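Please look through the sequence and the model together before reading on. The points below are meant to be followed with the structure open beside you.

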Amino acid sequence: MRAINGWLIVGAFGVGAFQLFVLPVVLLPRAAAWGWTLAGIALLTTSFWSLIHEAIHGTLLAVRRQNDNCGRALAILYGSPFAMLKAGHLLHHRYSRTRERTEIYDPATTGWMGAAPGYYLRLFGGLYLLEVVALPLALLPADAVRRLGQRLEAPDSVAGLLFERLAQAKVLGQFRTDALAIVVLYTAAFLAYGEHAWMLVAALGARALIISLSDNAYHYGTDLAAPLDAMNLRMPRVMERLALSFNLHGVHHRHPGLHWYELRDAFHAEGGRYDLGWFPAVARQLRGPVELP
């Protein structure tokens with residue numbers, strides 16, 4: 001199964017090249033209806049993120065340097081530097097349901113109405129937008145990034161810890177290089193789309209929505225005293241393959257070193273129990289913020 005990752009990587013770069021340049025340069029001038037292919041590409045968002053996720057955990061490629069370089073290249077196509085995605089995701093694993101608990105609000109400091117606007121903004125695309133709008137951090141010196149992290153430090157957030165990690169010399173250097181590559185790549189793509197640039201904006205909006213809706217669905221409403229817990233969500237087997245078994249999220253949190261294609265065997269070894277269906281899990285997030293018990 002190891003060889004399949006190589007084919008998936010080639011496919012991801014091929015789809016990225018098609019979306020950003022082949023479509024606007026070759027196909028859209030012939031017929032604007034080709035723009036509908038962007039809808040199909042948007043549906044592959046979880047597949048694309050799952051490859052980056054494998055690279056974050058060092059399981060995409062066997063050689064670590066190749067794994068990280070490939071992760072960085074995929075993240076550039078995604079639109080956010082790998083250094084930040086990796087630091088943020090590993091902090092999520094470390095502090096899940098303790099400091100990192102998106103839907104929880106403390107009634108001692110705010111009410112449901114106060115927590116709701118930020119919650120729903122994040123749910124409907126805001127998470128991805130935060131990952132993208134962080135690009136200007138590349139312009140700041142390390143001390144400024146560190147001071148910003150100190151200002152954001154809070155017991156119910158990993159933002160301060162994330163900025164502290166980004167301020168490290170090696171990490172910040174990679175962040176800056178990749179941020180520049182993203183700006184150049186997407187500037188060229190928007191120029192290529194020209195009058196059809198709105199199509200690319202719509203495609204990125206769909207990406208933002210899918211990423212943001214999916215992110216916390218595996219944790220919404222789970223036990224705050226069980227940081228290793230996450231839900232395994234039932235989805236059609238075809239969708240599971242396209243998602244690279246990301247729906248088996250509980251297994252992943254307990255065994256983060258497993259490859260995506262090893263998760264189903266581990267799932268059955270643990271009893272093969274789903275917590276909920278994927279679609280109901282996503283939909284129940286619409287209930288909004290949850291009061292701290």
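1. A salt bridge is taken here as a side-chain nitrogen of Lys or Arg within 4 Å of a carboxyl oxygen of Asp or Glu, and by that criterion the structure holds 10 salt bridges. Side chains of opposite charge can pair when their charged atoms come close.

2. Please keep in mind that this is a predicted model, in which local features need pLDDT of at least 70 and side-chain atom pairs count only at pLDDT 80 or more, while totals for chains, interfaces and linings use all residues. Residues are numbered from 1 along each chain as its sequence is written, and side-chain values use heavy atoms, with hydrogens and water left out.

3. Helices are DSSP runs of H or I with at least four residues, and strands are runs of E with at least two, numbered from the N terminus. Helix H4, which covers residues 64-78, has 15 residues and reaches 21 Å from its first C-alpha to its last, close to the 21 Å expected at 1.5 Å a residue; the expected span is 1.5 Å times one less than the number of residues. After H4 comes Gly-79, whose phi is positive, near 110°.

4. Which residues of H4 are buried? With buried meaning under 20% relative accessible area, exposed over 50%, and partly exposed in between (1.4 Å probe, protein chains only), the buried residues of H4 include Asn-67, Cys-70, Arg-72 and Tyr-78.

5. Because the two are four residues apart in helix H4, Asp-68 and Arg-64 are separated by about one helical turn. Arg-64 is partly exposed, with a relative accessible area of 47%.

6. Arg-72 forms a salt bridge with Asp-178, the closest N and O atoms being 2.8 Å apart. Asp-178 lies in helix H9 (residues 169-193) and Arg-72 in helix H4, so the pair ties together parts that are 106 residues apart in sequence. Both Asp-178 and Arg-72 are buried.

7. Asp-275 forms a salt bridge with Arg-273, with the closest N and O atoms 3.2 Å apart. Asp-275 is partly exposed, at a relative accessible area of 30%, whereas Arg-273 counts as exposed at 57% relative accessibility. Elsewhere, a network of salt bridges links Asp-143, Arg-146 and Glu-164.

8. Finally, Met-113 is found in helix H6 (residues 112-133) and counts as exposed, at 64% relative accessibility. The C-alpha atoms of Met-113 and Ala-75 are separated by 35 Å, and these residues are 38 residues apart along the chain.
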